[in-house]
Amino acid sequence: MKEVVIFTEGVGELIFIREMLILLIDNNDLSLECMDLRGEKFCHVPYKLLNPTAKTHFYVINVGCDERVLSVIKERGPGLLRSGKEIIGIRDMFSEQYKKCSNKIDPTIIKQFCDSSDAVIQQLEGNDKVHLFFAIMELEAWFLSFFMVFERLNSILTVDYIKKKLNYDLINNDPEITYFHPSVQFSQILELAKIKYGKHEGDYHKFIKQFTSADVKDFIDKGFCDNLQKLLMEFYRLHAES
């Protein structure tokens, strides 16, 4: 059985990745467990789906901080790679470090951040088994690309109503290249229906649990959010090669 370790910067990313795997892979062939890294200890969190006949087992681990994703890969990567595991890291581009460089989406700065992270990964033996993906600029950009879910939360949140009230064209604008701080847009949309969003675990669950396999297919066909497209294709590759 192939083993893949996925380090996420926060609980929102953990829940999102967990649900993506559940939607992408036939549950008869899916095995996963989710954890928080607290200090130096791994603590299980929902859910654990153990399947001894699955081709791939995924560990989805929240490390609790955007800057910590790369450092955990650097520290723990050599041991994980020696044991035959593959590694994926997922974090937001939007960060205090980025805001010191720019207050807008700047492809040049984004490339610098990606190149800097890649240089750290290249120092690892077996680095071809390590992949880092950035949400540009935040996880909420990926949420916005699943705009069909808003109407399920509240019937007034149609794309036409959102465009009329906030001038956000969710059908035609790619969130990864449109919104510098997409959690603001996401929160404002929910506010139209008096739904509070505070980046809490329950907030993430409420939205992400509405996703369907058809939504994922529609997202892939739409071609939005290039980094998420690449991440999902990586999941397909890992599973297909098992």
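**Exercise 1.** Which residues does Phe16 touch, not counting residues up to four places away in sequence?

*Solution.* First, the ground rules: this is a predicted model, where local features need pLDDT of at least 70, side-chain atom pairs count only at pLDDT 80 or more, and totals for chains, interfaces and linings use all residues. Residues are numbered from 1 along each chain as its sequence is written, and side-chain values use heavy atoms, with hydrogens and water left out. Next, take contact as heavy atoms within 4.5 Å. Phe16 then touches Leu139, Trp142, Phe143, Phe146, Ile208, Phe211 and Leu228.

**Exercise 2.** Describe how helices H11 and H12 pack.

*Solution.* Start with the geometry: H11 (residues 213-222) and H12 (residues 226-240) meet at an angle of about 120 degrees, and their axes are 10 Å apart. The pair is therefore oblique (under 35 degrees is roughly parallel, over 145 roughly antiparallel, 65 to 115 roughly perpendicular, the rest oblique). Now look at the contact itself: H11 brings Val216, Phe219 and Ile220, while H12 brings Leu228, Gln229, Leu232, Met233 and Tyr236. Sorted by class, that gives seven nonpolar residues, one polar and no charged ones.

**Exercise 3.** Is Ile87 buried or exposed, and what surrounds it?

*Solution.* Begin by finding Ile87 in strand S5 (residues 86-92). Its relative accessible area is 0%, so Ile87 is buried (buried means under 20%, exposed over 50%, partly exposed in between, with a 1.4 Å probe and protein chains only). Then list its partners: leaving aside neighbours within four places in sequence, Ile87 is in contact with residues including Val5, Phe7, Gly77 and His131. Finally, check Gly77: Ile87 and Gly77 are ten residues apart in sequence and 7.5 Å apart in space, C-alpha to C-alpha.

How values were computed
Axes are lines fitted to C-alpha atoms, for helices over the stretch in contact, and angles run from 0 to 180 degrees between N-to-C directions. Helices (H or I, at least four residues) and strands (E, at least two) are DSSP runs, numbered from the N terminus. Ala, Val, Leu, Ile, Met, Phe, Trp, Tyr, Cys and Pro count as nonpolar, Asp, Glu, Lys and Arg as charged, and the others, Gly among them, as polar.
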